[in-house]
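Colleague: I am new to this structure and would like a close look at one part. Please take me through the salt bridges.

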Amino acid sequence: MFWIKILASIMIFIPSTIIGIMLSRKYSNRVENITSLINCILILDTEIIHLSNPVNLAFKNVYERSKSKVSIIFLKTIETLNNNRDSNLYSAFKNTLEVERLKYNFTKQDKEILLSLAKVIGVTDREEQKKYFDTTIEQLKIQRKQAIEEANKNEKLYKKLGIIFALLIILILI
């Protein structure tokens with residue numbers, strides 16, 4: 001009987017702890033994804049403003065040069081744009097963000113910042129685009145700072161909740 005209780009306790013403790021860890025990771029993943037997104041925007045800025053590459057080539061180069069999982073957004077946006085000739089960059093970017101939203105833990109504000117940039121890429125002149133790139137990067141840095149604060153606060157909480165929940169169930173059952 002003793003070994004059955006130990007085995008049942010382990011079977012409760014491990015999954016509950018893993019669930020707590022998984023829930024806590026969404027906060028650190030958001031920080032990583034925003035950081036990668038800032039790097040992608042910097043590459044896009046270089047591609048469009050300094051190298052004068054067309055949007056299709058600039059987005060593909062962002063995907064190839066970044067090597068982060070967030071950069072797939074840029075590749076899929078261009079694929080969506082190429083597959084649907086009636087679409088524009090903004091709607092292709094919006095569709096891609098909707099499809100990929102669960103992977104990156106972006107908030108509504110994060111998406112709005114990206115979409116506001118997508119509205120002006122290729123539509124305005126270089127000086128205006130440069131201003132939007134700079135503004136977008138500054139806004140994303142603010143979002144990253146908030147994400148770091150949330151991660152510091154909530155990661156430990158979810159990890160501890162997973163363990164405490166498991167111990168509580170074990171105490172109730174034993």
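Is arginine 30 buried or exposed, and what is its relative accessible area?

Modeller: This is a predicted model. Arginine 30 has a relative accessible area of 6%. That is under the 20% cut-off, so arginine 30 counts as buried. Its side chain meets that of aspartate 110 in a salt bridge, at 3.0 Å from N to O. The pair links distant parts of the chain. Arginine 30 sits in helix H1, residues 2-50. Aspartate 110 sits in helix H5, residues 108-120. A network of salt bridges ties together Arg30, Asp110 and Glu150.

Now turn to helix H6, which covers residues 126-173. Here lysine 130 forms a salt bridge with aspartate 134. Their closest N and O atoms are 3.4 Å apart. Both residues lie in helix H6, 4 residues apart, or about one turn of the helix. Lysine 130 is partly exposed, at 25% relative accessibility. Aspartate 134 is also partly exposed, at 35%.

Helix H6 holds another pair, lysine 131 and glutamate 128. Their side chains meet in a salt bridge of 3.6 Å, N to O. They are 3 residues apart, so about one helical turn separates them. Glutamate 128 is partly exposed, with a relative accessible area of 32%.

These pairs belong to a longer list. A search of the whole structure finds 9 salt bridges.

Definitions and conventions:
Residues numbered from 1 in each chain as written. Predicted model: local features only at pLDDT ≥ 70, side-chain atom pairs only at ≥ 80, totals over all residues. Heavy atoms only, no water. Salt bridge = Lys/Arg side-chain N within 4 Å of Asp/Glu carboxyl O. Helix = DSSP H or I, 4+ residues; strand = E, 2+ residues; numbered from the N terminus. Buried < 20%, exposed > 50% of the residue type's maximum accessible area, 1.4 Å probe, protein only.
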